[in-house]
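Subject: Handover of a structure and notes on its contents

Dear colleague,

Please find the structure below, followed by a summary of what was found in it. I would be grateful if you could read the notes with the model open beside them.

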Amino acid sequence: MSTINLPELPYAKNALEPYISAETLEFHHDKHHNAYVTKLNELLPNSDLVGKELDEIIKATAKDDSKAGMFNQAAQVWNHTFYWNCMTPNGGGEPTGDLKAKIEEAFGSYAKFREEFKNAAVSQFGSGWAWLVADSVGGKLSIMKTANADTPMAHGKIAVLTCDVWEHAYYIDYRNRRPDYVDTFLDKLVNWDYANAKYQGKDAGVEK
């Protein structure tokens, strides 16, 4: 029987310092992310989804209230893997590649995109995520926010970039200063190469 595995971080735990500490990643990846993986693997044997890829599990459970528990675990596994890849040492700042022009086309300027993305991340009440999404591969860009485990895939959107705004993503380093964490994510951490790949439909990560 195949199981869902916890992917390794795409960098060393101290690689994002001083912006995100090794301590945060030890708790966030090794404890929180791993807990979602463990719980999902406990739920799968009692379902008809054994052996399915993670994205298949999410799509199969997204609209089924009787499988909400499985959706929550699977979506959180996927969301976190995507989030790790959205960050890189020496990242952040203005977008690069094809995405730069597409962001300027959709929002008018990078500054306007940054303002709208930050607002989505800061205004998400409680736990959740801020996303840059596309209607289709290479399609129109927009910003959305989701609560708890919800994910763009469940709404027919393609995830291009995300910022995790659950408190465990930032509380060790930023306490209750979510706006400062979001600023740092945008200015110092965003992996635009990864976002470009996802926008172009390339399999640049291991979210499946």
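In these notes, contact, or touching, means heavy atoms within 4.5 Å. The model is a predicted one, in which local features need pLDDT of at least 70 and side-chain atom pairs count only at pLDDT 80 or more, while totals for chains, interfaces and linings use all residues. Residues are numbered from 1 along each chain as its sequence is written, and side-chain values use heavy atoms, with hydrogens and water left out.

Overall architecture

The protein chain contains 8 helices and 3 strands; helices (H or I, at least four residues) and strands (E, at least two) are DSSP runs, numbered from the N terminus. Their order from the N terminus is α-α-α-α-α-β-β-β-α-α-α. Along the principal axes, the C-alpha atoms fill a box of roughly 50 × 35 × 30 Å. Of the 208 residues, 48% are buried, where buried means under 20% relative accessible area, exposed over 50% and partly exposed in between (1.4 Å probe, protein chains only). Among contacts between residues at least 6 apart in sequence, 69% join residues at least 24 apart.

The chain is divided into domain 1 (22-86) and domain 2 (97-200), with bounds that come from an automatic or database domain assignment. Their centres, taken over C-alpha atoms, are separated by 20 Å. To the contact, domain 1 gives 22 residues and domain 2 gives 26 residues.

Where does the largest pocket lie? The largest pocket lies between domain 1 and domain 2, because both give residues to its lining. A pocket here is an open set of points on a 1 Å grid over the protein atoms alone where a 1.4 Å probe fits, with protein on both sides within 12 Å along at least five of seven lines; lining residues have an atom within 4 Å of a point. Its volume, the space filled by probe spheres set on the points, is about 370 Å³. The lining comprises 16 residues, and Trp 78, Met 153, Ile 158, Lys 198 and Glu 207 lie nearest the centre. Helix H2 (54-61), helix H3 (68-85) and strand S3 (158-164) each give two or more residues to this lining. By type, the lining has 7 nonpolar, 1 polar and 8 charged residues (Ala, Val, Leu, Ile, Met, Phe, Trp, Tyr, Cys and Pro count as nonpolar, Asp, Glu, Lys and Arg as charged, and the others, Gly among them, as polar).

Buried residues

Phe 82 belongs to helix H3 and is buried, with a relative accessible area of 1%. Leaving aside residues up to four places away in sequence, Phe 82 touches Trp 131, Ala 159, Val 160, Leu 161, Thr 162, Tyr 194, Lys 198 and Glu 207. Phe 82 and Val 160 are 78 residues apart along the chain, yet their C-alpha atoms are separated by 9.1 Å.

Trp 192 is in helix H8 (residues 192-199) and is buried at 4% relative accessible area.

In helix H7 (residues 178-189), the buried residues include Tyr 181, Phe 185 and Leu 189. Their cover includes H3, helix H5 (110-123), S3 and helix H6 (171-174).

With kind regards
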